[in-house]
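Please look through the structure shown here, and then follow the text from one part of the chain to the next.

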Amino acid sequence: MSRFQHVTRGSGGEGGPRLLVTPNAWSPARILVTRLLLVLLLFCFLFSLLWADRDGLRDQVDGEISFADIVYFTMITVSTVGYGDIVPVSTRARLLDALVVTPIRLGIWLLFLGTAYQLIIRQYMEGYRMAKLQATLSRHIIICGFGHTGMSAAKELMARGVKPQQIVVIDTLEERVRLAGSLGVAAFQADATQEAVLGDAVIGKAKAVIIAAGRDDTSTLTLLTARNLNPTVRIIVSAKEEEKVKLFKQGGADAIVSPATFGGYIIAAAVDHGHMVQYLDDLLTAGGQVSLLERKVRPDEIGKAPADLKPDVLLRLYRGSTMLSLLELEQAGRLQAGDILVLLTNAQNGSA
């Protein structure tokens with residue numbers, strides 16, 4: 001049985017959820033036993049009613065209604081419409097058959113059909129949907145945890161031009177999964193620390209993994225699992241506690257962000273600098289007038305001086321293991337192949 005069961009699926013438009021799944025908490029055997037017990041209870045209830053009203057039934061064979069006759073009549077009435085050998089003859093018995101027995105018969109058949117769908121048909125449908133989704137995933141971004149940080153990251157990625165179809169969200173809470181699905185991304189209610197779950201999210205072809213689990217211990221385990229499955233994927237971790245940053249670096253994280261710490265820095269700066277928060281918001285979000293852009297030096301820029309990149313402003317240059325800041329760019333000389341540039345640019349140029 002698949003680890004996932006289908007909950008709802010959108011029409012495929014840009015605004016609706018592509019795929020929303022939740023874990024199947026019950027095993028097939030437990031589902032089957034539970035529904036068989038429910039059928040047995042309905043059978044016993046129906047037998048009790050027919051036994052209490054046995055005077056309204058007639059046996060066409062010998063005219064007597066025995067205990068075995070009621071068991072037989074209950075069974076064939078539930079499974080079919082009977083053979084006509086035992087029939088209701090009183091008004092009350094006929095009303096009982098029309099208003100109680102028939103709805104129970106239909107309910108049991110629907111129960112059996114639902115069981116067949118859940119245990120057999122849906123398994124293949126889920127496999128088809130999962131395979132179809134996985135076939136479309138390449139260079140996508142996996143977000144593990146869809147709390148405030150994960151949701152903000154997803155919205156900002158889409159604002160920067162990432163298609164919803166290229167984002168996969170994994171969270172253990174159903175309400176968060178439904179929220180992610182409403183944004184148009186693929187979402188799974190599952191535990192991202194498990195290798196099988198990250199495998200279902202096609203981590204082997206992912207461009208990046210964002211880990212925002214909300215707990216540093218969970219984030220650490222997710223980081224180790226993801227790095228083991230894909231040694232080259234870029235992993236960004238949201239840290240709750242600053243002392244865990246070193247642990248995340250040792251675990252193989254490419255970038256560690258502490259939202260609480262960064263927020264504290266910005267709040268402190270805003271005490272003496274009235275426009276600081278507004279400028280940083282302009283700088284870091286897709287809707288601002290200016291933006292930060294990190295890219296490799298282009299072939300036509302090799303040999304140029306950093307000042308020749310106007311109107312862009314080169315803030316930092318990474319050359320191998322060396323980092324040169326804005327005030328140290330004179331030491332860099334001319335731009336070389338392989339240089340990585342961090343530029344302050346017009347927002348329209350940055351999104352191009």
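Val-202 lies in the loop that runs between helix H6 (195-200) and strand S8, and in this predicted model its phi is near 55 degrees, a positive value in a residue other than glycine. Most residues other than glycine have a negative phi, and most peptide bonds are trans. Is Val-202 buried or exposed? With a relative accessible area of 13%, Val-202 falls under the 20% cut-off and is therefore counted as buried.

Arg-139 also has a positive phi, of about 55 degrees, although it is not a glycine. Its place is the loop between H3 and strand S5 (141-144), and its relative accessible area of 54% is over the 50% that the term requires, so Arg-139 counts as exposed. A further backbone feature is the cis peptide bond between Lys-310 and Pro-311, where omega is about 10 degrees; Pro-311 belongs to the loop that links strand S11 (290-296) with strand S12 (313-319).

From the loops we turn to the helices. Helix H7 (residues 216-229) has 14 residues, which at 1.5 Å a residue should span 20 Å, and the distance of 20 Å between its end C-alpha atoms agrees with this. Its buried residues are Asp-216, Ser-219, Thr-220, Thr-222, Leu-223, Thr-225, Ala-226 and Arg-227. An α-helix has 3.6 residues a turn, so residues three or four places apart point the same way. What do the buried residues of H7 pack against? Their partners are S5, H6, S8, strand S9 (234-238) and helix H8 (245-250).

Phe-112, found in helix H3, has a relative accessibility of 40%, which lies between the cut-offs of 20% and 50%, and so it counts as partly exposed.

Taken as a whole, the protein contains 11 helices and 14 strands, and 37% of its 352 residues count as buried. Among contacts between residues at least 6 apart in sequence, 64% join residues at least 24 apart. The protein exposes about 20,000 Å², of which carbon and sulfur atoms supply 60%.

The mean pLDDT of the protein is 83, and 88% of its residues reach 70 or more. Where is confidence lowest, and where is it highest? Strand S1 (residues 4-8) has the lowest, at a mean of 44, whereas strand S8 (residues 208-211) has the highest, at 98. Over residues 1-17 pLDDT stays under 50, and for this stretch the model has 57 contacts beyond four places in sequence. Where pLDDT is low, the predicted coordinates should not be read in detail.

Terms used: Residues numbered from 1 in each chain as written. Predicted model: local features only at pLDDT ≥ 70, side-chain atom pairs only at ≥ 80, totals over all residues. Heavy atoms only, no water. Helix = DSSP H or I, 4+ residues; strand = E, 2+ residues; numbered from the N terminus. Buried < 20%, exposed > 50% of the residue type's maximum accessible area, 1.4 Å probe, protein only. Contact = heavy atoms within 4.5 Å. Areas by Shrake-Rupley, 256 points an atom, 1.4 Å probe, with all protein chains shown as cover. pLDDT = per-residue confidence, 0-100. Expected span 1.5 Å × (residues − 1).
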